[in-house]
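Have the sequence and the 3D view open while you read.

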Amino acid sequence: MANIKSAMKRVKVNKVKAAANKARKSELKTVLKKANLAAESGANKEEAIKAAIKRVDQACAKGLLHKNNAARKKAQLAKKLSGRSPAP
C-alpha cells in the first residue's frame, strides 16, 4: 500500500473506476449477445441491432473501446442487419 496521501487516493479512485469499467464492459457484451441472438432468430432484429450499435458508440465515446474496434463491431452488426453473411 502507498504511503503518500495522493497515492492512497489514486488507489481508491482506480478501484472504483475499474469496477465501473467492468460493469460497462459486461453490459456491452450482454447487449451484443442479445443483438446476435436476435439476428439469428429474426425476432426484433432491427431494434436489437440498432440498440447494440448505439451502445458501441457510447462505449467508444467513454473510452471503453478503441475507435477501430468500435467501427469493426458496428460493421459486423450492420452486415447482420442488412442480411449479408459475415466474412469467414
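Start with the charged side chains: the count comes to three salt bridges, where a salt bridge is a side-chain nitrogen of Lys or Arg within 4 Å of a carboxyl oxygen of Asp or Glu. Before going on, keep in mind that this is a predicted model, in which local features need pLDDT of at least 70 and side-chain atom pairs count only at pLDDT 80 or more, while totals for chains, interfaces and linings use all residues. Residues are numbered from 1 along each chain as its sequence is written, and side-chain values use heavy atoms, with hydrogens and water left out.

| Salt bridge | N to O distance |
|---|---|
| E27 and R55 | 3.5 Å |
| E46 and K50 | 3.1 Å |
| D57 and K74 | 2.7 Å |

Which helices hold D57 and K74? D57 sits in helix α2 and K74 in helix α3, 17 residues apart, so to speak a link between distant parts of the chain. Helices here are DSSP runs (H or I, at least four residues), numbered from the N terminus. E46 and K50 are another story: they are four residues apart in helix α2, which means they are separated by about one helical turn.

How open to the outside are these side chains? The cut-offs are simple: buried means under 20% relative accessible area, exposed over 50%, and partly exposed in between (1.4 Å probe, protein chains only). For the remaining pair, D57 counts as partly exposed at 35%, as does K74 at 28%.

Now for the inside. In soluble globular proteins, nonpolar side chains tend to be buried together. The largest nonpolar core in this model has 14 residues; a nonpolar core is a set of buried Ala, Val, Leu, Ile, Met, Phe, Trp, Tyr and Cys residues joined through side-chain atoms within 4.5 Å. Those with the most contacts inside the core are L28, L32, I49, A52, V56, L65 and L77. The elements that give two or more residues to this core are α1 (5-41), α2 (45-61) and α3 (67-82).

Which residues does A52 touch, leaving aside its neighbours within four places in sequence? A52 is in contact (heavy atoms within 4.5 Å) with V31, L32, A35 and L77.
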